[in-house]
Structure formats: C-alpha cells, structure tokens
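Please look over the sequence and the structure below before reading on.

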Amino acid sequence: MSSLPHKSIFERGAWYVVVQGILIGLILFGPQGPLLISSEPTASILQSCGIAIGLLACLIMAIAVINLGKNLTPLPCPKDNAVLIKNGLYQFVRHPIYFGVLLAALAWLLISPGIYILLYAIGLFFLFDIKARREEVWLVERFPDYQDYQRRVKKLIPTIY
C-alpha cells in the first residue's frame, strides 16, 4: 500500500474538482441557450421526469457517500488511509457519486432544456470519464484487486459504461 503524503493538493487532482465545480455551476446558473423543446405539453412532461430523476440522483449520491464513509474525498487521489469499497452502490457502478451527479445534470436538462445546458452536461460526462481514469490509476496502485473489480463493474453508468 503506497502512501502519497508528499503530493500537493493539485498533484492529487484538485484541478479536476475546480473544473467540475465550474461545469456544475454553469449547468445550474450559466446561460441556458436556445431551448431544445418549447412545446408546452412536452415541456411539462419532461419537467416532471426531471424532478423525479433529480430526486433519484440525490438519493443515489447520498447512499454512495454513506457507502464510501471515511474514504470520501472530492479529490481523485484516494486518502492515505483509504480502503477499497466494493459493496453497496459500488457493486453496480465504480463511481456512483459521479453517476448521481450526471443524473442530476440530466434532470436539470429536462427541467430547463437549453442547448448550453446540454453542452455543459456532455462536458461534465467527459470530465468525469477523464477524472475516473486518473483516479483508477491511483486505485490500481493502492489496491491490486482493483483491476478485477474494473473488469466486473462498469465505470460511470451501471450495466452500460
């Protein structure tokens, strides 16, 4: 088990968290751009779906945080005293918090279907994919059985990706 106390916060991946915060801020508060859907019956149905998906996203994030326990860190570099979690939601997707945030972005897109929000959400997906790749390099270094876990469990979207 390697220890990384000599690494600065940016060597531990803080810039991913900064970009993540910017993208989430843009999704919630940035310019929305032209609407993708403006017909009233469709927009109302999508907004209702968005609210339901948003509630599900919050539940997934909360459960994943509980599952992760003392291992929780916003940085992709695991804590020095981290243990590998493969139960709870982590048995269905390797990064359930990222999945929950992506679901929340989808929910917001359904509630407020602007083209820019779609672009920010796509950007957030790619950022999480890149962040997860970096995080998993550190996890493989720290936990030799992580590679078997990677082969069995999808990264960001259960059963899909």
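Predicted model: local features only at pLDDT ≥ 70, side-chain atom pairs only at ≥ 80, totals over all residues.

Residues are numbered from 1 along each chain as its sequence is written, and side-chain values use heavy atoms, with hydrogens and water left out.

**Salt bridges**

Side chains of opposite charge can pair when their charged atoms come close. Here a salt bridge is a side-chain nitrogen of Lys or Arg within 4 Å of a carboxyl oxygen of Asp or Glu. By this rule the structure has six salt bridges. Three of them are listed in the table, including the pair of lysine 86 and aspartate 145.

| Pair | N to O distance |
|---|---|
| lysine 86 and aspartate 145 | 3.1 Å |
| arginine 94 and glutamate 136 | 2.6 Å |
| aspartate 129 and lysine 155 | 2.6 Å |

Helices (H or I, at least four residues) are DSSP runs, numbered from the N terminus. Burial is given as relative accessible area: buried is under 20%, exposed is over 50%, and partly exposed is in between (1.4 Å probe, protein chains only).

The salt bridge of lysine 86 and aspartate 145 links distant parts of the chain, with lysine 86 in the loop between H2 and H3 and aspartate 145 in the loop between H4 and H5, 59 residues apart. Lysine 86 is partly exposed at 32%, and aspartate 145 is partly exposed at 38%.

Arginine 94 and glutamate 136 form another salt bridge. Arginine 94 is in the loop between H2 and H3 and glutamate 136 is in helix H4, so this pair ties together parts 42 residues apart in sequence. Arginine 94 is buried, with a relative accessible area of 10%, and glutamate 136 is buried at 4%.

A salt bridge also joins aspartate 129 and lysine 155. Because aspartate 129 lies in helix H4 and lysine 155 in the segment after H5, the pair ties together parts that are 26 residues apart in sequence. Aspartate 129 is buried at 4%, and lysine 155 is buried at 9%. Salt bridges with shared partners join Asp129, Arg133 and Lys155 into one network.

**A buried arginine without a salt bridge**

Arginine 142 belongs to helix H4 (residues 115-142). Arginine 142 is buried but has no salt bridge, and the nearest side chain of opposite charge, aspartate 80, is 4.1 Å away. A polar atom of the arginine 142 side chain lies 2.5 Å from the backbone oxygen of lysine 79.

**Cysteines**

A disulfide is a covalent bond between the sulfur atoms of two cysteines. The search counts a pair of cysteine sulfur atoms within 2.5 Å, and finds zero disulfides in the whole structure. Cysteine 49 is partly exposed at 36% relative accessibility, and cysteine 58 is partly exposed at 47%.

**The largest pocket**

On a 1 Å grid over the protein atoms alone, a pocket is an open set of points with protein on both sides within 12 Å along at least five of seven lines, and lining residues have an atom within 4 Å of a point. The largest pocket has a volume of about 480 Å³. It is lined by 28 residues, and Leu68, Thr73, Tyr90, His95 and Glu135 are the closest to its centre. Helix H2 (40-68), helix H3 (96-111), H4 and helix H5 (146-152) each give two or more residues to the lining.

Key. Lys, Arg positive; Asp, Glu negative; His and termini not counted. Polar contact = N/O pair within 3.5 Å; in protein donor to acceptor, adjacent residues only side chain to side chain. 1 Å grid on protein atoms, 1.4 Å probe; cavity = no way out; pocket = protein on both sides within 12 Å on 5 of 7 lines; lining within 4 Å. Points joined across faces, edges and corners; volume = space filled by probe spheres on them.
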